Amino acid sequence: MSLSLTCAGDSAEWTVKRFSSSGYLTRCAAWGSMTGPTCYINGQISIDGVYWCETATGLFSNAVNISGTLLTVEPDWSTFFTGESVKLMCDMREEKDADWHYAIRKDGQDLYPFSRLKTHMTDMTTATFYKNRSLIVTDPNQRTLMMSENAAEIGIQLQSDSSYTCKLGTGDESQPIRVKVDPYRPKAELRKDAAAAGGKVTLTCSTIIPSHGWKFFWYRGKKKDSLTAQDVAFLSNDRISTSQGGVYWCRGGRGNPVYYTEYSNPIVTSAAAVTLQPSWPEIYYGEALTLWCRIEGGEDFEWIYQWIVPDATDIQSKNEHRINYATGSHNGNYRCLGQMKNETSWTAWSPAFNLRVSNNKLEPNLTVSPSWLSSGDSVTLNCSVKYPDVGWRFYWYKAIPNLPIKFYTMEPLPGSSNGTEQPYFIVYGQAQTAGYVCKAARGNPQSFTHPSKVKFVWSGDVQSAATLSVSPDRAQHFITDTMSLSLTCARDSAEWTVKRFSSSGYLTRCAAWGSMTGPTCYINGQKSIDGVYWCETATGLFSNAVNISGTHNDAIVDFPVHPVTEGQPVTLRCKWKTELNLAVISFYKNDKLIQNDTRGEFFIPAVSKSDEGFYKCGRKGRMQRSAGSTSPASWMSIKALVLSQRRSSSPFPVWLTVGLVCGITLFVLFLLVLGRYAKQLWPIRSPNTNGHSGPDHKTNLNDTDPAPPNGSANNRASVTADPAEVEYALIFLKNSAEGGRNPNSEESAVYSNVAIQSTADMIGSCAPHPSPFITRIFGLVFILCIAEVLTALPVLTSNSTRDTLTRVCTVLLECSSEATGGVTGVRTVRNQTITGPSLTYTIREEDGDTVFNCTVGNIVSEVSASKVLKCVNQTGEAAADSSGV
């Protein structure tokens, strides 16, 4: 313990005297050291007594009573605050060995005594603490603590300025200690320094009234846990550095238990930012959009926002700036800031967000596939837009003619009223000419684009609800003859117009390039007439479509403008502006030569799908040297006819057919007998069928046969006559290997075929049956074939691929049959019918089960098989019985 007593006054020599509590009078030299006017007390166990100064001239100073009991306050801070906790420590100094019994006394009664005894204890003493001369009453759970053999302490909570003393037993009280208590809880103060390089911000926390012993705690947002070194960089106890934007707080704490200051006012370290929602790369006229003011780390707080928009300043509580109908007037820079509600902390102004609104609405581009329909085709519509991956929905419409206003009205396609997420739509079973339109929409509420241009899918089928005929009836015309070209609409309608989609991509009506008189459009003289033509009615119907072209060349190829039904004969003619005599004319299909002769015609007795293609003609040898000497190429379309249609379309009654076949059969039996006799006289070889089988092919039936027995040249000449002048009959007889009736055939039908064909074609129809019997009687050549009755079902196999983006499966379906010779195949799915060995088709996941049928047949019977497929989200080959594609 350090204790000194200093004398002051007008004297050159001083001494300090003490009268101890035990009755002894001594001077400073006995228990301390005198240096000038000051007496320094040495370490003493007891210092109790009365002290005063004496001068050499006999003067006395004032006296002071000093006790050996010392009261201290921990922690030893200059200023305390209401509610803060401290410890009062009472320290006893004494020469003799003693243990002490400390107690808080009230009204002469001991409160909460605490004893600590030693085996050599010789005395017992009580310590008492006072506040403002009154005994301290503490929490009943608070007990005085023995710190050592001669010290005790008690914890108290400060409420106001007070004076404290303590007393040991019956001894003197300690000197009073005055503790100053401020009547409020202090508040922390947070400051933000200017941002350093790299965007880091330094924050400093302090108390408003400087005081000692504080440790500072840091917080971000509304988190209850204080930040650690993993969250921010601690520069010192009261300073941190951070690059993460947000709302920051701090507070101080000291003592045990920790006494906290109030939280500081918040400081926002991040700037505001303007964002566009939805985040579209381009904004179109009329769209609805929202600009948002975002504050990093400010999600948990309430803000008042201020906006700077083109030509205006807006203060509002919401963090959004809504534009319901965007126009060019909204172009410009947008900025915002935020102020915490009920606080003074502001963000910095956001960087400028430059909004640009297009002056036009977007117009999507629609494509259709295929452009020309076969019966029962599915049509795929694809609607493309700029920036497709920004939340568009697509809407699909059928274009309905509306003649009075010269525009189309739009009717939603079935199943598309709510739009689709995918930019494609499949129309199944489309059989007639039709126009389609698409629109796209996005946003909430939705904002629609302009409608796309009308795109058409054309059908040449004259069985449409309305029909278009062309005069002259051909696909190609000389430009010099277009004044005589007319197009006539037919069927029940009071008003018609003819439309043209030109080769240059323009859609116009008859009035633009001709004159409409009733149902007929007369084309005026035109430099170009190339395009697709069709009729539209006032009731909203479309006719079949025709593809017409005009040329300045010297030649055109002439064939019907409408599709030719499969199995029908067709003649292609090469027409010239000026007459050509004895010129060799070449016909080409898909740029491959198919005929050279002087007739100027190419005849196909029974067309099939394989005859479909681009045809042109011209003078032999000039095709490459002069483009003007050849016609343009035009597409000849073949309309498929299924097997059942072939039979049902026969004009002959069944009884007449049966009678005719029976009669022919009896006649053939007669011929067989006669032929056997005739072969002994004139052996007849089967013709060579290895050459070209086109219409210009000639087969000499008996080039090397010997002359008849009489050697008549005339008879020989009749045998070697040109087959073009001979009639041929092909007869099929039904041959069932089991001798029974085909369960899939009709109950009582008997089939046969009689045709006028070239010898090679007829023999080809028999192959690979056993070599046919061929004979000729009186200028008629008879060929007898035997056809098998089909009993084995065809085998359906499938292979598929799935597009994960469009969720569409593409299926390759193949149908095989054990039957040979004269067998044809038909593939059917929904309304689509395809002839040939395979069929490619697309299935969507939402289509569910899709039934594929395959029918194979010959002239006397047919058999069918089916397979069910569906498109599912799995890999692997297409599976039957709805197991998935």
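**Reading charged pairs and a covered strand**

Reply: Start with one residue. K341 has a relative accessible area of 41%, so it is partly exposed. Keep in mind that this is a predicted model.

Me: Why does 41% make K341 partly exposed?

Reply: Because buried means under 20% and exposed means over 50%, with partly exposed in between. K341, at 41%, is therefore partly exposed.

Me: Which residue does K341 form a salt bridge with?

Reply: First the general idea. Side chains of opposite charge can pair when their charged atoms come close. Here, K341 pairs with E302, and their closest N and O atoms are 3.6 Å apart. K341 sits in the loop between β33 and β34, and E302 in the loop between β29 and β30, so the bridge ties together parts 39 residues apart in sequence.

Me: Is E302 buried or exposed?

Reply: E302 counts as exposed, because its relative accessibility is 55%.

Me: How many salt bridges does the structure hold?

Reply: It holds 13. One of them joins the side chains of K17 and E54, at 3.0 Å from N to O. This pair links distant parts of the chain: K17 is in strand β2, E54 is in strand β6, and they are 37 residues apart.

Me: Are K17 and E54 buried or exposed?

Reply: Both K17 and E54 are buried.

Me: Where do K386 and E282 lie?

Reply: In two loops. K386 is in the loop between β36 and β37, while E282 is in the loop between β28 and β29. They are 104 residues apart. Their side chains meet in a salt bridge of 3.3 Å, N to O. K386 has 45% relative accessibility, so it counts as partly exposed. E282, at 23%, is partly exposed too.

Me: Now strands. How many residues of strand β21 are buried?

Reply: To read a strand, check each residue, then each side. In β21, residues 201–207, seven of the seven residues are buried. Both faces are covered. V201, L203, C205 and T207 are on one side; T202, T204 and S206 are on the other.

Me: Which strands are joined to β21 by bridges?

Reply: Look for bridge partners, then for direction. Strand β20, residues 188–192, is joined to β21 by five bridges, and the two run antiparallel. For example, A188 has T207 of β21 as its bridge partner. Strand β24, residues 239–242, is joined to β21 by four bridges, also antiparallel. There, T202 is partnered by S241 of β24.

Terms used: Residues are numbered from 1 along each chain as its sequence is written. This is a predicted model: local features need pLDDT of at least 70, side-chain atom pairs count only at pLDDT 80 or more; totals for chains, interfaces and linings use all residues. Side-chain values use heavy atoms; hydrogens and water are left out. A salt bridge is a side-chain nitrogen of Lys or Arg within 4 Å of a carboxyl oxygen of Asp or Glu. Buried means under 20% relative accessible area, exposed over 50%, partly exposed in between (1.4 Å probe, protein chains only). Two strands pair if DSSP finds at least two bridges between them.
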